[in-house]
Amino acid sequence: MNAEQIGLWAGFVFTLMIFSYILGDNILYRLAVYVFAGLAAGYITLVTVEGVLLPWLRGTLLSPGAVGVGGQILGIVPFVLGLLLLLKGSPRLGPLGNLAIAFIVAVGTAVALVGAITGTLLPLAAATGSSVRIDLVNGFLIFIGVSSTLVYFQYLARRQPGGEIRRGLVVRAIGALGQGVVVVTLGAIYAGAILTSLTIFSERIGFILARITGG
Amino acid sequence: MRRLGAVITSALVIGIGLLTVAGLVVGGDLGWLSAIVEAFRIRDISSIFLQLATITAATTILIGILNLLVVHLRRVGRREKGWGYSLLLVLSALAVIVLAVLERAGVLKGEPALTTILFESVQVSIESALAGLVLFALVFGAYRLMRRGVSWPKLLFVLALLLVLLAALPLSAPGLLTSARDWLLAVPVSAGARGILLGIALATVVTGVRVLIGLDRSYRE
């Protein structure tokens, strides 16, 4: 039996251990889950080191001739920031860790902001507008659906003379339509999730049967 | 001193954030704005910031994994409840790392590599089995939905769910069911998904702008 066959049998055993959860939480399931977490941690370490950190080190700290002193200092910066994050646990030196957090938050916010505008807002708004031109009836329905969904997500309301805070009748009516659209969307997505997991489940059953029958 | 630190942190976020946005957004056809970006090489600065943030994030991932291993090793050392599971987790992680090091050093040879076999046979098998297990949770969740009273949103949810599921059945004459499913996915579901995504994007923009103009300073806590 070679390493590949041993791997296949190991996969078979671990699949059964995971499926044993159908009968309730048990030791076999927990063993498999802890092995999974350990393997995942190991692979994430490998990918992070080999795919991200080593190329960075080779391009900066480990090639002083190509990048100069400035490049080498730049090469140390992310590791210093990482070490600063470790200081967050200390009550006295904790504020130093905020510098690293600030840097990550600043760049992350900028990327999220630009991504949201150029990757979601503009393309989806343009697609919704153009769908009316492509198919008048369905395009108009899509436009109504998108608008009512957005109205459903807003919580602006007026204070009534009695002190009660209520949304206007028109906004409530459009919001109710939006709620319906959101619910239908979530129902369809839920069905998609069921179909996907059913496909994966049947593939796993096929794998188990193939192992048993020697296929 | 603490106050000065807070001011420096806010200034860093605003400065770095705005420079990164400028480098990412401003193209070559925005007149004087493009000229400033070109003159001060803001695009290069923005690119360096992105690289530094990526490497810092990778470093934090490694720190996180190190912390995971230390926490579980501590559990093993103190013989706490479930220490056997912790030992298994640590051994699994170390096994992958040691195997990879031996392979890179040329000690372990063979095609496909042992780490690849371990990944494809064990890791992927467990992942797939867990994803398959989700089926039971989803079906049970859908079954329980209507047991706590019927309301029109619940009814709509179940109707959409059933329509998509029934239309997926391999019937000999699907006709109306498939057409209804296709229309549902193309019109209301598409509209709802767009609305949800637009809502998320709008919320991201609002929060992002609040952070970049210094109104939201939760990172200082």
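**Group meeting: the nonpolar cores**

Let's start in the middle. The largest nonpolar core has 54 residues. Those with the most contacts inside it are Phe103(A), Ala106(A), Val107(A), Ala188(A), Ile16(B) and Ala160(B). A nonpolar core here is a set of buried Ala, Val, Leu, Ile, Met, Phe, Trp, Tyr and Cys residues joined through C-beta atoms within 7 Å. Buried means that 20 or more other C-beta atoms lie within 10 Å of the residue's own, with C-beta atoms placed from the backbone.

Some ground rules. This is a predicted model, where local features need pLDDT of at least 70, side-chain atom pairs count only at pLDDT 80 or more, and totals for chains, interfaces and linings use all residues. Residues are numbered from 1 along each chain as its sequence is written, while chains are lettered from A and ligands numbered from 1 in the order in which they are written.

Domain 1 (1-81) and domain 2 (150-221) of chain B both give residues to it, so the core lies between them. Those bounds come from an automatic or database domain assignment.

What does Phe103(A) touch? Leaving out residues up to four places away in sequence, Phe103(A) touches Leu81(A), Leu12(B), Ile16(B), Ala53(B) and Thr56(B). Contact means C-beta atoms, placed from the backbone, within 7 Å.

Now chain A as a whole. Buried residues make up 29% of its 215 residues. The C-alpha trace of chain A spans about 70 × 65 × 45 Å along its principal axes.

Technical notes:
Buried ≥ 20, exposed ≤ 12 C-beta atoms within 10 Å, placed from the backbone. Contact = placed C-beta atoms within 7 Å.
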